[in-house]
Amino acid sequence: MNDKIKEILEMITNNGFKAYVVGGYVRDYLRKIKTNDIDICTNARVKDLMEIFKDYKVTPLEYGNILLETKDYLYEITTFRKDIDYIKNRKPIIEYVDTLEEDITRRDFTVNSICMDKDGKIIDLLNGKKDLNKKIIRTIGDPYFKIKQDSLRILRAIRFASCLNFKIEDNLKNAIKENKDLLKDLSYERKKEELTKIFTSDNKAYGIKLLKELDLLEVLELTNIDNVLRTKDLIGMWSTITINDNYPFTKKEKDLINNINKLLKEDLNDIFVLYKTGLYEINVVCDLRKLSKKKYSNKYEKLVIKAKNEMDITTEDICILLNKEPGCFLKEIYNDLEKNILLKNIKNNKEEIEKYILNNYK
């Protein structure tokens with residue numbers, strides 16, 4: 001166990017409370033995989049934790065937990081609780097409890113239920129190690145009940161199976177198939193988050209296979225999903241999937257997706273096509289079309305200019321040269337200069353450009 005994690009646990013236990021690392025960190029520790037996913041559960045309440053960690057950067061969170069920030073790690077520290085009910089198959093109504101046993105049973109999968117105390121002792125109350133060794137994703141308790149509680153668990157099961165290269169237990173598979181329509185009420189933001197983790201895993205082909213096998217593509221409103229396998233770039237993946245417009249993307253992401261889709265239909269040997277895009281989009285399209293990145297990156301880098309503002313003349317210079325006030329004529333001249341500089345008919349230096357303007361526009 002990392003010394004800092006031990007220190008955090010000891011700070012809680014030295015104040016008379018119980019505290020354990022739980023979930024991803026312990027799971028990956030047992031698999032001898034380094035991880036920064038550190039969740040701690042405790043019987044201390046938020047007010048207690050705020051006092052214990054008053055000298056740290058602490059952010060209270062929505063569900064009776066805190067986010068503790070240190071130089072190297074982020075810790076999510078959560079008070080023992082049980083789930084009384086769920087609102088719309090997603091948002092839990094909780095009740096604080098005093099025992100680790102009650103807290104662990106509310107969690108999703110057995111492999112995420114294993115705990116570790118401050119001395120590095122493993123506490124496995126629900127046979128999570130057994131499923132970890134067998135490489136099986138199994139719910140804690142009845143899978144039908146767990147999925148109806150929280151439909152996000154459908155995608156989490158596929159994500160963990162994909163990232164860990166584990167099988168999904170048969171009863172859980174059946175529960176997913178029978179309750180897949182619950183995903184319709186899950187926010188597009190949460191769907192996108194989980195799908196992104198599946199797509200960026202080293203085993204994404206298996207994740208896509210599971211999405212198909214469990215008949216989830218229609219309810220997730222995804223088509224052409226096999227295109228995800230053609231590139232390692234996340235935006236490239238999303239650009240080639242046909243998705244519902246409700247999936248959330250930033251303006252920058254949308255612009256990149258649109259640029260990639262346009263570029264997929266263009267001839268990369270055309271210097272004007274390369275000029276109108278960027279190196280990032282070119283590299284993604286080369287992936288998707290199985291073209292040489294080196295070849296087209298070199299073509300792009302050899303462009304005389306890569307944007308209008310790289311031309312060695314300004315609109316102000318042109319107005320002074322022609323003794324005119326700014327007007328619509330500038331667009332025509334700029335477009336003409338852009339084309340001829342790219343074609344190397346004019347050298348990109350002010351003297352040559354001014355000579356060309358005087359010969360053609362005076």
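A salt bridge, as I use the term today, is a side-chain nitrogen of Lys or Arg within 4 Å of a carboxyl oxygen of Asp or Glu. With that in mind, and remembering that this is a predicted model, I can say that a search of the whole structure finds 24 salt bridges, and that Lys6, Glu10, Lys118 and Asp119 are linked in a network of them.

Let me turn to some individual pairs. Asp103 forms a salt bridge with Arg107, with 2.9 Å between the closest N and O atoms, and both of these residues are buried. Asp108 is paired with Arg156 at 2.6 Å, N to O, and this pair links distant parts of the chain, since Asp108 sits in the loop between α4 and β8 while Arg156 belongs to helix α7, 48 residues apart. Asp108 is buried too, at a relative accessible area of 7%.

Lys212 and Asp226 also form a salt bridge, at 2.7 Å between the closest N and O atoms; Lys212 is in helix α10 and Asp226 in the loop between β12 and α12, so the pair ties together parts 14 residues apart in sequence. Here Lys212 is partly exposed, at 39% relative accessibility, and Asp226 is partly exposed as well, at 40%.

Finally, the second largest pocket has a volume of about 210 Å³, and the largest share of its lining, four residues, comes from α13.

Definitions and conventions: Residues numbered from 1 in each chain as written. Predicted model: local features only at pLDDT ≥ 70, side-chain atom pairs only at ≥ 80, totals over all residues. Heavy atoms only, no water. 1 Å grid on protein atoms, 1.4 Å probe; cavity = no way out; pocket = protein on both sides within 12 Å on 5 of 7 lines; lining within 4 Å. Points joined across faces, edges and corners; volume = space filled by probe spheres on them. Helix = DSSP H or I, 4+ residues; strand = E, 2+ residues; numbered from the N terminus. Buried < 20%, exposed > 50% of the residue type's maximum accessible area, 1.4 Å probe, protein only.
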